[in-house]
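Here's a quick tour for anyone meeting this protein for the first time. Have a look at the model, then read on.

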Amino acid sequence: MKKIISSFMMLSVFTLVLAACSSNENTSDGKQKPTKLVISTWGFAEDFFRPEVYEPFEKEHNVEIVIDSGNNADRLNKVRQANTDVDVIYLSDYYAQQGIDDGLFEKIDHSKISNIDKIYDKAKAPNGDEYGPAYTIAQFGIAYNPDEVSKPISSWKDLWSKDLGEITIPSITSTTGPMFLDAASKVSGSNEFNEDKAFGQMKKVLPNVVKEYGQTSEFVNMFSQGEIAAGPIMEMYFGDLQEAVPNAKFVSPKEGGYAVMNTMNIVKGSDQKELSEEFINYILSNEVQEKSAKAKIDSPVNTEVKLSKTEAKGLTYGEDVVNRLFVLDMKFVNENSKQWIDRWNRELAH
């Protein structure tokens with residue numbers, strides 16, 4: 001009798017466990033509950049990304065996409081502190097390299113992301129063959145107000161002109177700060193990056209500088225209020241400048257602009273690695289890349305995306321444009337960034 005009761009109790013417990021599992025995996029109407037995929041990104045243009053990008057992927061893969069938003073540094077620090085359940089993280093190549101150096105990301109098998117074969121070579125592995133691709137490339141060049149300068153700007157060295165007027169430059173701690181330091185090295189006449197020459201050249205531009213900017217909004221405010229005539233900026237923000245100053249111009253310096261790449265990586269320990277790779281592949285698809293480009297959200301890296309002249313306006317678009325862009329070695333940048341920041345603060349703090 002005891003054996004019968006014991007067997008009955010075990011069967012009851014097993015049934016309850018199965019019921020609990022079933023309730024966790026299925027919705028009230030019997031359908032399987034969607035898998036949660038956590039995406040860490042900047043959080044801008046949510047009204048575009050949610051219906052146009054996230055929802056189609058959710059429907060196709062029975063996934064619930066959860067967004068964890070914030071700036072590069074804050075989101076990367078959350079991963080460092082293991083204070084997040086993020087699966088895929090979007091970061092500029094500058095911050096992505098920090099995450100790689102800290103061992104925070106999974107290695108990716110690029111053969112499982114077929115759309116990588118369709119993107120610009122520069123975008124395929126900006127931080128190394130084992131890590132994530134760039135899904136967009138922005139250009140770092142120069143914006144200026146033609147009504148406030150004596151002649152058109154066409155070169156990095158024009159920012160050093162005594163006749164130019166007042167300008168702003170990016171802080172060394174910003175994503176584009178090391179790029180402008182590299183541009184200063186080029187203006188000094190050095191073919192390869194030379195730290196001493198770069199800092200020497202930076203001292204020569206300071207008389208023109210009103211203020212360093214850390215956020216693009218600061219650049220826009222100074223430009224719109226007439227406090228500056230020009231400055232280096234990412235092309236993706238040029239639309240904001242034109243809203244304030246319709247006559248504004250953006251130029252890719254004749255020496256070459258710089259590629260600013262936003263990447264996607266899978267956070268180490270994610271239990272959704274295959275699904276994350278599917279998502280990365282999806283973001284690189286012609287369909288998503290074209291949607292994002294035509295909405296003026298992101299410049300496409302997929303070379304199969306075809307845009308009209310009007311659609312391409314304000315975007316970093318076309319192989320001829322992308323091939324001219326300089327790409328910094330972000331591993332080298334991160335290895336030297338502390339030294340550059342210390343030296344900048346000692347010699348150039350403005």
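A contact here means heavy atoms within 4.5 Å. Helices (H or I, at least four residues) and strands (E, at least two) are DSSP runs, numbered from the N terminus. With that in hand, look at where α4 meets α14: Asp93, Tyr94, Gln97, Gln98 and Asp101 on the α4 side touch Met330, Lys331, Val333, Asn334 and Ser337 on the α14 side. Three of the residues in this contact are nonpolar, four polar and three charged (Ala, Val, Leu, Ile, Met, Phe, Trp, Tyr, Cys and Pro count as nonpolar, Asp, Glu, Lys and Arg as charged, and the others, Gly among them, as polar).

Residues are numbered from 1 along each chain as its sequence is written, and side-chain values use heavy atoms, with hydrogens and water left out.

The protein's mean pLDDT (the predictor's confidence in each residue, from 0 to 100) is 91, and 91% of its residues reach 70 or more. Residues 1-24 are below 50. Where pLDDT is low, the predicted coordinates should not be read in detail.

**The lining of the largest pocket**

What kinds of residues line the largest pocket? The lining divides into 20 nonpolar, 21 polar and seven charged residues. Helix α9 gives the largest share, five residues.

Key: Predicted model: local features only at pLDDT ≥ 70, side-chain atom pairs only at ≥ 80, totals over all residues.
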